[in-house]
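Subject: Structure handover

Hello,

Here is the structure I said I would pass on. My notes on it follow below.

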Amino acid sequence: MASSSTNAPDVQSEILRLKKRARRKETLAGICFILPGFIGFLIFILIPVIMSLGISFTEWNFLKGWGAIKFTGLTNYLKLFKDDWFIVSFRNNILFTAVTVPVLLILGLVLADLINRHMYGGTAVRIMIFIPYIASVVAVCTVWQVMLQPSYGPVNEFLRSIGISNPPKWLVDGNWALVAIMLINIWTQVGYYVAVYMSGLKNVPLDLYEAAQIDGASSIKQFIYITVPQVGPTTFFLAIMGIIGSFKVFDLISVLTNGGPGNSTSVMAYYIYKTAFTDFKMGYACALAWALFILIFAVTLVQWKFQDRFTNE
């Protein structure tokens, strides 16, 4: 009896030791799985972000090496308010966002509802609408450069055929270039909005539509009073992603207009790129980038504050 009672604590301690050893192995395995991603995040995201904040308080041409860095304090940030290019780029970005995001939300929901409830062959139509979103940006831009060619482009030829004798010159006209960029962006992005809205519409109970039909509600009233409120969370998600994406628009402008004519299509992301890699003003470019970050962060906070108005949860 004494021997068995003496061995019991030894067995329990051995079990605890084995459990601790197993937990250490699990912890080590978890660290090994996380470590590559964490190292990548540390090297390619966190450290560059911190460095960019420090560089934003300096004047630096990076072609001259680290020794050329000169600390200038808040000079770069104060310069923003006197920079005509920044003001124009900021204004263009606000206009771009104010036009494209609401149009994409409305057009995406209307098309998704039509395909989901009122159209045969919806899968084929959905694929055709989605193709521009996954197509190469350079290919898309090349096609639209041909379509919008001022003299012989199909768009202007069509406008002349319906009686417009002097159609816009589109990408080479400072008054119309940004409008053209907006139209192209809407054309390329609407497929994504339709796809996301289609997923949201799958969760809308059909009983609601059946009850509305019994009550005599028209398709338009069903859309306004059932579809729109039921996809509120989806709309909220797309609004946030759309606004953030619109402030980061770069590829279309870089390929189609290079910010021109003049600075009529320059936006924040393109101006940051131009300042850093064309003018080699890395310190000022970092200040521009942080100003853009603060702007996007503030807009996102406002959206989250009013999210209850867009969601039905």
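I start with the aromatic residues. Trp 60, Phe 62, Trp 66, Phe 250, Tyr 270, Tyr 273, Phe 277 and Phe 280 form one aromatic cluster. Rings of Phe, Tyr and Trp (its six-membered ring) pair if their centres lie within 6.5 Å; planes under 30 degrees apart count as stacked, over 60 as edge-to-face and the rest as tilted.

Before you read on, note that this is a predicted model, in which local features need pLDDT of at least 70 and side-chain atom pairs count only at pLDDT 80 or more, while totals for chains, interfaces and linings use all residues. Residues are numbered from 1 along each chain as its sequence is written, and side-chain values use heavy atoms, with hydrogens and water left out.

By the ring rule above, the count comes to 19 aromatic pairs. In one of them, the rings of Phe 250 and Tyr 273 have centres 5.1 Å apart and planes at 65°, so this pair is edge-to-face. The two residues are 23 apart in the chain: Phe 250 is in the loop between helix H10 (232-247) and helix H11 (251-256), and Tyr 273 is in helix H12. Helices here are DSSP runs (H or I, at least four residues), numbered from the N terminus, and strands are runs of E with at least two. Phe 250 has a relative accessible area of 25% and is partly exposed; Tyr 273, at 35%, is also partly exposed. For these words, buried means under 20% relative accessible area, exposed over 50%, and partly exposed in between (1.4 Å probe, protein chains only).

Next, the helix packing. Helix H12 (residues 268-277) and helix H13 (residues 282-305) pack at an angle of about 165°, with axes 7 Å apart. Axes are lines fitted to C-alpha atoms, for helices over the stretch in contact, and angles run from 0 to 180 degrees between N-to-C directions. H12 and H13 are therefore roughly antiparallel. Angles under 35 degrees count as roughly parallel, over 145 as roughly antiparallel, 65 to 115 as roughly perpendicular and the rest as oblique.

Residues that make this contact (heavy atoms within 4.5 Å) include Met 268, Tyr 271 and Ile 272 of H12, and Leu 288, Ala 289 and Leu 292 of H13. The contact residues divide into 11 nonpolar, one polar and no charged. Ala, Val, Leu, Ile, Met, Phe, Trp, Tyr, Cys and Pro count as nonpolar, Asp, Glu, Lys and Arg as charged, and the others, Gly among them, as polar.

H12 also packs with helix H3 (residues 84-118), at about 150° and with axes 8 Å apart, so H3 and H12 are roughly antiparallel. Trp 85, Phe 86, Ser 89, Phe 90 and Asn 93 in H3 meet Met 268, Ala 269, Tyr 271 and Lys 274 in H12. That contact has six nonpolar residues, two polar and one charged.

Gln 303 is found in H13 and is buried, at 13% relative accessibility. Leaving aside neighbours within four places in sequence, Gln 303 is in contact with Phe 236, Ala 239, Ile 240 and Ile 243.

Last, the backbone. Most residues other than glycine have a negative phi, and most peptide bonds are trans. A cis peptide bond joins Gly 260 and Pro 261, with omega about -5°.

Regards
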